[in-house]
Amino acid sequence: MSALNIKKGASSHSAYDLRSTFGDTIEKHTLAVIVENEPGVLARVIGLFAGRGYNIESLTVAEIDHTGHRSRITIVTTGTPQVIVQIKAQLGRIVPVHEVHDLTVEGPSVERELALFKVGGQGDARVEALRLADIFRANVVDSTLESFVFEITGTPEKIDAFAELMRPLGLQEVARTGVAALARGGDSHV
Amino acid sequence: MTKMMTGAKMVVQALIDQGVEVVFGYPGGAVLPIYDEIFQQNHIQHVLVRHEQGAVHAAEGYARSTGKPGVALVTSGPGATNAVTGLTDALMDSIPIIVLTGQVPTFMIGTDGFQEADTVGITRPCTKHNWLVKDTDRLANTIHEAFHVAMSGRPGPVLIDIPKDVQFAKGTYSEKAKRTSHYAPQVKGDINMITELAEAMATAKRPVFYTGGGVINSGPAASQLLRELVEATGFPITSTLMGLGCYPASGPAWLGMVGMHGLYQANMAMHGCDLMINIGARFDDRITGRIDAFSPKSQKAHIDIDASSINKVIRVDMPILGDVANVLEDLLKVWKAQGGKTDKEALAKWWKQIEAWKATDCLGFTQDGPIIRPQHAISRLEALTKDHDRYITTEVGQHQMWAAQYMGFEAPNRWMTSGGLGTMGYGTPASIGVQMAHRDALVINVAGEASWLMNMQEMGTAMQYRLPVKQFILNNERLGMVRQWQQLLHGERYSQSWSEALPDLVKLAEAFGAKGIRCDNPDDLDEAIREMIAYDGPVIFDCLVEKHENCFPMIPSGNAHNEMLLANAQVQGGITGTGAVLV
């Protein structure tokens, strides 16, 4: 095999892999972006997605280390493998960005989202809502004679499923936090 | 050593500590304290421009011709918004500049105060990074950090927004060394991938070096190493508009510029190669043409300091993340250690093919008749100035492409042109920035009359500082490139693409106190150019040229490299289909 017949997409002995995987299917990836907690840093990240036409499915941000001035931005995004690689590279060159981790490819990870659901109703519907909330391990955090506010945590899919069930039972209002995610296991790279 | 001083003094002190010699700027209410400090010192020279856009382009010209960062100082609000085009231009072309803007005092921010604008918000997408400094104690460090960010990794523009109360307040000045930045891009390339490339070079049958502005930005050592590599391998080399000068135009392996208006042999070599070695270029759409037909049979290596440039547009087989000079040094070592082998037989055949392409003489033209052809004007300018210590800036359009085609650049940092953004009005202020850095050099702005008018107010700056910049204007009374596209693409409907009521450029020169020269006769051209060169002061050269000349070769939008138009005769039916929507 001549040196020119390098298999496309393969990295025979590269320390890092910048080679595109040549796929054209749309993938969903969860990115953890560790940033310097300074004014405007969120605007830089969001502006990057808006300016370059990338998708944001979910975005969560909060300070995680007060003394170290670090915030963690969790972004769920979609795109072809080439676009995902590009998003990570673009995020990586923002000056106050310390680290970019693709939790979808860096090994198993856990994702959770918290949501609050206001469900109004009386009679059977109200009883059914409470019963389903119990099945989903949702907590009642507020109640009137005509309404409940449920608090539920889980994967986005679980929350979607709960929302679908609540809709015919008098769903009035939803607040969702967006996804928070961490890699599984004892190693901490973030 | 720490010292207490006002924020305004800190700005000046930090610039001095960073080795800044020249600042291009324009005063206003929100930067008056800084101007007061500039008044009271002699270390930094301030150049008063006539428009803030001019200040930023001048800083770019200064940076590109010296390799040092350029600095501009403007006021809040309109001062800052006028700087936006220059910032975007510098971002697209990776030019290290530091722009300091005044801001309304911190307690007024957000109240729609007089000359208030959300400067960091507006300039966030057009800077590499920017800062709003709300505390005088942090000002000096921020300025030092700004220089570090502008110059590290892929260079670019940065902006520091300084509210007026921060300029007045006293704080602790911190020295340059006290930088705590985590920002440190990777410069060393992966040696395994470099080895892979060296192996590919040893067996390549039809290789080509495709170089770009990254070579220039990497510093003179990168250009030197590139020359060594080209000489050692005997591979042909082409360059983007941004990279002209990184390999000498008189060198034996030089193919000329690549791209939309690149030379036939360069584009054909890019299309037909089996190994493309991209060094500090970014597969810009002016280079690639149609993506799915771009160099279909080649393995591609890409050396770039910016990971986001790799696989952005063109998927490559050998990505090497690192600084050009650093990587080329390793590549040369590895390739030599492998025995420095190339496939000489195949290379000879490849060169034979390239010579056949060269024989088409794609830049050939005949100067006949009484009207100066623009190609002739540039050719004569080249012939009469190439032996001078010469720097060329340009505006944007046909004249820019002709300059790139017909002029030869032997060294890096000699060619300043707005590549990525394509900013009309770039050349005049850029020429001023270049001349500030090289007082005794011959600095020529090759311009079209339409572009030139966009920042012609900067002639006042040239006069004030006795900068003998030569404005060589190819005057076709048209927006030549727009007209060319309308001819090719829009059924020869020349919508708004000619200039009515042009000023008399000779009288305009005289009004500024400069020298005006007009030439409309091919027989007088050489003498007129000599007169321009000889004149010790700014010159506006009004070169009246053929009004309907088109710039060839041309790869029409949406076409591949081997589908070049070489002359008007080949222009039939215009551009249709998907190509028509491209710019």
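1. Basis. This is a predicted model, in which local features need pLDDT of at least 70 and side-chain atom pairs count only at pLDDT 80 or more, while totals for chains, interfaces and linings use all residues. Residues are numbered from 1 along each chain as its sequence is written, chains are lettered from A and ligands numbered from 1 in the order in which they are written, and side-chain values use heavy atoms, with hydrogens and water left out.

2. Domains of chain A. Chain A splits into domain 1 (27-102) and domain 2 (109-183), with bounds from an automatic or database domain assignment. Their C-alpha centres are 28 Å apart. Each of the two domains gives 7 residues to the contact (heavy atoms within 4.5 Å).

3. Area between these domains. About 500 Å² is buried between domain 1 and domain 2 of chain A, and carbon and sulfur atoms give 42% of this; buried area is the accessible area (1.4 Å probe) that two parts lose on being put together, summed over both. On the side of domain 1 of chain A, the residues losing the most area to domain 2 are T30(A), T60(A) and R72(A), together 57% of what that side buries.

4. Strand 2 (58-65) and strand 3 (70-79) of chain A are the elements giving two or more residues to the side of domain 1 that touches domain 2; strands are DSSP runs of E, at least two residues, and helices are runs of H or I, at least four, numbered from the N terminus.

5. Residues 194-331 of chain B carry the UniProt annotation "Thiamine pyrophosphate enzyme central" (unreviewed entry). Here the chain is 36% helix and 20% strand, and the end C-alpha atoms are 6 Å apart.

6. Salt bridges. The count over all chains is 26. One of them joins K205(B) and D343(B), with the closest N and O atoms 2.9 Å apart. This pair links distant parts of the chain, 138 residues apart. In chain A, E164(A) pairs with R167(A) at 3.3 Å between the closest N and O atoms.

Definitions and conventions:
UniProt positions renumbered as here; feature names shortened; annotations may be inferred. Salt bridge = Lys/Arg side-chain N within 4 Å of Asp/Glu carboxyl O.
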